[in-house]
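Please look over the sequence and the fold before reading on.

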Amino acid sequence: MSRKYTVAIVGATGAVGVEMIKVLERRRFPVGKLVLLASARSVGKTLPFNGELVAVQELTEDSFAGVDIALFSAGGGISQKFAPCAVKAGAVVVDNSSHFRMDPNVPLVVPEINGADVKLHKGIIANPNCTTAITLMALNPLHKAFGVKRVIASSYQAVSGTGAQAIEELRSQVAAITAGKPVEKSVYPHQIAFNVLPHVDSFLNTGYTKEEMKMQNEARRILHLPAFKASVTCVRVPVYRAHSISVNAEFERPVSVEEARKVLSNVAGLKLVDDPANNSYPLPLYVAETDDCQVGRIRIDCALENGLAFWVAGDQLLKGAALNAVQIAELI
Ligand code: A2P
């Protein structure tokens, strides 16, 4: 009989945690026992897995006895405090927070791009930023063909990237506005319904946000390309699920749309959806809840040398988080 693993999910009740449970089930990950961990607030809740209801337990330092693989998605502070406890107890941690991503001892992995880096782990493997992972699914094949130098990009990020409370904030604001009632806000600094916010994560003194710098910093590690540059504007949009990114990329070598399409039409985890004459291009509404990212609107960039412009979309709760984490667990 093949081996089964005890898998813990930290943040099991959150927007990503719930997807992790579903992805483990859907991909038939060999789970012997599933340990669901969240805050004391969630004790008493149960979540379905493989036809059974699993009780949520309070996360403590002693939660990891007997755990083989721990998938963390409860924020950087929780990862910082509890991932070392999990490693000490003998588990391998796949961490979805940004806490360990730039740690040289922690591989930062998109399995389709640098899956071999998993082997270098010392107990913790980091899952990349969602917008970065989705962008790189399209950029990496183009990089292999043409050699990327730099990108300029703008993201259109769904509220579920902020978590379960933000999904509820958009829903309740839409309901309030359509009922002619006053809008309440607590998650975002401004109304998100019928608005776009050029503000994702906290501001740095350069004027960029932390989220915007993740594309350059994390892509350098994932692509093994220390000179890579990215200037990004991250925007929160009133979309429930799936991020989209408009990318202008400059390459070392001459590019063509035909070659780019050819390269992008044969990539695991990516679909080419590029028939603008028939209004066909990637849309967050249709990419939501699907595993593959989608790329389209491919054209020669008219302002860059050896440049391509394209539009990529992906379900950030899946490829940007839960799916990527479970794919890493499969490599382990
Ligand atoms: P809980 O539901 O008990 O608050 P999201 O990103 O969707 O907001 O989800 C965050 C996840 O992190 C939830 O599962 C949440 O559990 C969990 N979490 C937040 N704070 C803690 C904490 N102090 N200890 C354990 N889990 C936490």
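A242 has its place in the loop between β9 (229-236) and β10 (243-251), where helices (H or I, at least four residues) and strands (E, at least two) are DSSP runs numbered from the N terminus. The model is a predicted one, in which local features need pLDDT of at least 70 and side-chain atom pairs count only at pLDDT 80 or more, while totals for chains, interfaces and linings use all residues. Residues are numbered from 1 along each chain as its sequence is written, and side-chain values use heavy atoms, with hydrogens and water left out.

Most residues other than glycine have a negative phi. A242, however, has a positive phi near 95 degrees although it is a residue other than glycine. With a relative accessible area of 1%, A242 is buried; the term buried means under 20% relative accessible area, exposed means over 50%, and partly exposed lies in between, as calculated with a 1.4 Å probe on protein chains only.

A positive phi is also found at F194, which is not a glycine and has a value of about 55 degrees. F194 belongs to the loop between α5 and α6, and its relative accessible area of 60% makes it exposed. The loop between α5 (164-178) and α6 also holds S186, which counts as exposed at 67% relative accessibility. From S186 to M102 the separation is 84 residues in sequence and 30 Å in space, taken from C-alpha to C-alpha.

Q191 is likewise placed in the loop between α5 and α6, but at 28% relative accessibility Q191 counts as partly exposed. If neighbours within four places in sequence are left aside, Q191 is in contact with Q173, I177, V183, K185 and L197, contact meaning heavy atoms within 4.5 Å. Between Q191 and P238 there are 9.6 Å in space, C-alpha to C-alpha, and 47 residues in sequence.

The helices come next. Two packed helices are described by the angle between their axes and the distance between the axes. Here the axes are lines fitted to C-alpha atoms, for helices over the stretch in contact, and the angles run from 0 to 180 degrees between N-to-C directions.

How do helix α4 and helix α6 pack? Helix α4 (residues 130-146) meets helix α6 (residues 210-222) at an angle of about 50 degrees, and their axes are 9 Å apart. That angle makes α4 oblique to α6, since angles under 35 degrees count as roughly parallel, over 145 as roughly antiparallel, 65 to 115 as roughly perpendicular and the rest as oblique. The residues making the contact are C130, T131, T132, T135 and L136 of α4, together with E211, K214, M215, E218, A219 and I222 of α6. Sorted by class, this contact of α4 with α6 has 5 nonpolar, 3 polar and 3 charged residues, where Ala, Val, Leu, Ile, Met, Phe, Trp, Tyr, Cys and Pro count as nonpolar, Asp, Glu, Lys and Arg as charged, and the others, Gly among them, as polar.

α4 also packs with helix α7 (residues 257-264), at an angle of about 125 degrees and with the axes 9 Å apart, and α4 and α7 are therefore oblique to each other. On the α4 side the contact is made by A138, P141, L142, A145 and F146, and on the α7 side by E259, A260, V263 and L264. By class, the contact of α4 with α7 has 8 nonpolar residues, no polar residues and 1 charged residue. H143 is another residue that lies in helix α4, and H143 is buried, with a relative accessible area of 17%. Apart from its neighbours within four places in sequence, H143 is in contact with V148, L225, F251 and R253.

Helix α1 (residues 15-26) and helix α9 (residues 318-331) pack at about 45 degrees, with their axes 9 Å apart, and are therefore oblique to each other. V16, E19, M20, V23, L24 and R26 of α1 make the contact with L318, A321, A322, L323, A325 and V326 of α9. This contact of α1 with α9 has 10 nonpolar, no polar and 2 charged residues.

Finally, the protein is divided into domain 1 (5-127 + 322-331) and domain 2 (132-316), with bounds that come from an automatic or database domain assignment. The C-alpha centres of domain 1 and domain 2 lie 25 Å apart, and 19 residues of domain 1 are in contact with 19 residues of domain 2.
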